[in-house]
Amino acid sequence: MNRRRRNAIPKNYAESSDLDSDNDNADEMKLTQKASKNGIGKMFQRNLDAVIRSPTSADLEQAKKNIKHGIEKLDQIKKDLEQTRERLANLEQQQEAVQRDIDLNRSIVSTLRALPDEVLSIIFEFYIEGYTEANPWVLMGVSRQWRTAAIQARRIWSRILLAHAIQVVKNPHGRRRLGYEVCHTVPLLRKALDRAAGAPLHISLDLGPPVPLDVPTDADTISRQLVKTLEDSKAYLGIYELETKNTSIECLNRIEFDGFDFPALEMARLTTSSKGLNERIKKTSSRLRWLHLEKSPGDTLDWNLSGMTHLIYLWLSGGYGSVASGLETTNMIRSAHCLTELKLWHLKLAPLSGDVSVSIPSLLTLELYNTDIECKLDLPKLQTLIVDFSAISNSESPLVLPFLTSLTIRNCEHRGLPHIRATRSLILDISSFSNLAPTLVKIMDCMILPGHFSVHALRLATRYIGPESLSDILAKIPHLEEFEFQGSIGSPKTFFDDMAGHSLTAKTNSSKRDPICTSLKKFKLSISPSVSSANEKAMMRWFKTAMKARQKGRYPIKEAFYQDGEVWVPVL
């Protein structure tokens, strides 16, 4: 069927005058609408014709009047605005004054003012002891009552630091460094001892080499005078904590400690270079329970700790930048029978002859950093093991730890992983700067799959791990209940598809399968700051989608969080 064509009448627009008039009207309409839309005002709309066409003399006169009137009105607006600002500033000052008055009256009716000075003193003591950087001088500046209570609290003045004058000058906080009263003269030390009379003392010796070297040459004399003052006042009898880490070897060797006894000493941070002081501590400190000993160049860690029956915490360090090794260190650790916590840094424990093991029956926590253990260990009650850039390669047989509940492995991909057998379910924490997959695979093959221990909580921290590797590893931990991941996952959708049990983009349920970690109850995700924004968005998107899909399935997850700054935000 043929459609009938319409006959069009041609029109010559070049000879038509309607086109120009239409354009003129359109332009005027657009300007009028724009003026009305932008709220330029009635004044502009009234003179719109004069703006478009050539102005007449009357239009010019009217425009000049409008300009004059506008300037006068603008000046008045500026004056009103300035007056308003002054009034606002006045109101803000009044508000601050009223708020100060309210705060003052609230402090008057505060229950703290009703507390006796004795109770305040006890509160101050707990505050100072619980916070290492607490400053008693801050407490004295609150009120007269607090000043009185602070002076009566002897224990808050027990932190005394002996230093050279040049170190006090260089220190921006002067006498208030980290809560210590810095004493660089004998009168200051005597005043500090009188203020803390009867309280257990915390003494720190910061008598290192003066910097710069052109300071007065009587620095050693002042150091000996300060230590002599401690001896003459018998203040050493009340020393509860002693630290000499920041004192030079030369200074310690020139000071005599033969007249010192330490019957009250319980905590000590020492270096092997202070030989005279160390000998006095070993002979007279029968109550020592906390010891940090750092090896100086050329020395050995060879203390015999069998007589220190109260020692429960031991931290041995071979010095930064070097690793101390030898049978002396192994025998020293072996002699500490009552330890509950042991930290070994920059050390190498050599094996003992005759296949003898290092046995510490009461040890609960062992932390290793840059340390190689080649000797046999017998730790029947160990609960927490931290292996950081270290190796435990004592023998072919596994390290049996029946009470182990927490295992942390950090940056050990290039070192020998500990071969551990534990009967309890563990909290496993593994972190690495590089790809974490090889370390996980080795732990799975050597310890988890053979049944040497089971894992109910797993935390992984790494820069990158492939989705297939992570899915395969988690699928082999059937009883995993808590999982926390920090880092980046390549192709995150693949992993979260496995976590949900189906493709998250599929429109049908034909591809459904059992998800990995069917016992999982809690999932926490923290994306590393080094991850690209595109990868971060993808991980967050598929994480939220997978958690919501998992909640609706047969194996729901009860809690799911992602980290936003320092806050954990729930997803479900």
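Among contacts in the chain between residues at least 6 apart in sequence, 55% join residues at least 24 apart. This is a predicted model, and its chain contains 17 helices and 26 strands. Of the 572 residues in the chain, 42% are buried, while the accessible surface comes to about 32,800 Å², with 52% of that area belonging to carbon and sulfur atoms.

- Strand β8, which covers residues 313-317, is mostly covered, since five of its five residues are buried.
- The side chains of this strand are divided between two directions: Tyr-313, Trp-315 and Ser-317 point one way from β8, whereas Leu-314 and Leu-316 point the other way, and all are buried.
- Strand β7, made of residues 290-294, pairs with β8 in the parallel sense over five bridges, and within this pairing Leu-293 stands opposite Leu-316 in β8.
- Strand β10, made of residues 341-345, is also joined to β8 by five bridges, and these two strands run parallel; here Ser-317 stands opposite Trp-345 in β10.

**Asp-388 in strand β16**

- Asp-388 lies in strand β16, which spans residues 384-388.
- With a relative accessible area of 13%, Asp-388 is classed as buried because that value falls under the 20% cut-off.
- If its neighbours within four places in sequence are left aside, Asp-388 is in contact with Leu-368, Tyr-369, Asn-370, Arg-410, Asn-411 and Cys-412.

**Cysteines**

- A disulfide is a covalent bond between the sulfur atoms of two cysteines, and the structure holds zero disulfides.
- Cys-183 has a relative accessible area of 0%, so this residue counts as buried under the 20% cut-off.
- Cys-517 has a relative accessibility of 5%, a value that is also under 20%, and therefore Cys-517 counts as buried.

- Leu-104, Ile-108 and Val-109 make a nonpolar surface patch of about 310 Å².
- One of these residues, Ile-108, is found in helix α4, which is formed by residues 57-108.

Note on methods. Residues are numbered from 1 along each chain as its sequence is written. This is a predicted model: local features need pLDDT of at least 70, side-chain atom pairs count only at pLDDT 80 or more; totals for chains, interfaces and linings use all residues. Side-chain values use heavy atoms; hydrogens and water are left out. Patches are made of residues with over 30% relative accessible area and no salt bridge: like charges are joined within 9 Å, nonpolar side chains (Val, Leu, Ile, Met, Phe, Trp, Tyr) within 5 Å. Accessible areas come from the Shrake-Rupley method with a 1.4 Å probe; for residues, only the protein chains shown count as cover. A salt bridge is a side-chain nitrogen of Lys or Arg within 4 Å of a carboxyl oxygen of Asp or Glu. Helices (H or I, at least four residues) and strands (E, at least two) are DSSP runs, numbered from the N terminus. Buried means under 20% relative accessible area, exposed over 50%, partly exposed in between (1.4 Å probe, protein chains only). Two strands pair if DSSP finds at least two bridges between them. A disulfide is a pair of cysteine sulfur atoms within 2.5 Å. Contact means heavy atoms within 4.5 Å.
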